[in-house]
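Visitor: I'm new to this one. Could you walk me through how to read it?
Guide: Happy to; let's have it on screen.

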Amino acid sequence: MAVPTSLSFLLASTLCILLFAGMQMYKIQLASKEWLTILGGFLGSNLFIFVLTATSNFESWLFGRGFQAKVFPEVLFALAVAMFASGLIHRVCVTTCFIFSLVALYYVNKVSASKYAPMATPSKPVKETKKRK
């Protein structure tokens with residue numbers, strides 16, 4: 001179920017704040033074991049997706065429906081915020097956040113391209129006329 005851009009911005013912003021607060025509340029537990037540091041990086045990549053969604057929806061609401069997020073500054077800003085939040089937990093969380101975020105960005109781009117990319121129409125083949133000798 002799709003929601004309007006303004007509501008999506010509010011939802012993504014709320015989830016950003018809640019996820020960041022949860023990561024800070026449980027940072028001692030997330031840094032205590034190896035697999036929990038990987039989980040901390042995964043949570044950071046979710047924060048990346050929420051920050052990217054909130055930023056993109058805000059710009060789309062502000063500049064119009066046709067505005068698209070670019071690699072610089074939107075994606076790099078969201079990645080920097082997520083990696084900073086992961087860095088507050090543990091050093092390994094930064095690395096795993098980066099890896100998970102790149103994988104998530106690939107799939108977000110793939111879904112976006114399948115939904116919003118223009119369909120290529122095949123051109124009609126040109127028939128060659130044969131000359132009789």
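Visitor: Which helix does S86 lie in?
Guide: Helices here are DSSP runs (H or I, at least four residues), numbered from the N terminus. S86 sits in helix α4, residues 71-87. A word on the ground rules: this is a predicted model, where local features need pLDDT of at least 70 and side-chain atom pairs count only at pLDDT 80 or more, while totals for chains, interfaces and linings use all residues. Residues are numbered from 1 along each chain as its sequence is written, and side-chain values use heavy atoms, with hydrogens and water left out.

Visitor: What pLDDT does the protein average?
Guide: pLDDT is the predictor's confidence in each residue, from 0 to 100. Where it is low, the predicted coordinates should not be read in detail. Here the protein averages 91, and 98% of the residues score at least 70.

Visitor: Back to S86: is it buried or exposed?
Guide: Buried means under 20% relative accessible area, exposed over 50%, and partly exposed in between, using a 1.4 Å probe and protein chains only. S86 has 0% relative accessibility, so it counts as buried.

Visitor: And which residues does S86 touch?
Guide: A contact means heavy atoms within 4.5 Å. Not counting residues up to four places away in sequence, S86 touches M23, G40, G44, C93, V94 and C97.

Visitor: C93 and C97 are on that list. How many disulfides does the structure hold?
Guide: A disulfide is a pair of cysteine sulfur atoms within 2.5 Å. The structure holds zero. C93 is in none, as the nearest cysteine sulfur, that of C97, is 8.5 Å away. For C16, the closest cysteine sulfur is also in C97, but at 12 Å that is too far for a bond. C16 is buried at 11% relative accessible area, and C93 is buried at 0%.

Visitor: Where does T37 lie?
Guide: T37 belongs to helix α3, residues 34-63, and its relative accessible area of 5% makes it buried. Leaving aside neighbours within four places in sequence, T37 is in contact with L30, A31, H90, V92, C93 and T96.

Visitor: What about I99, in which helix is it found?
Guide: I99 is found in helix α5, which spans residues 91-116. At 48% relative accessibility, I99 counts as partly exposed.

Methods:
Helices (H or I, at least four residues) and strands (E, at least two) are DSSP runs, numbered from the N terminus.
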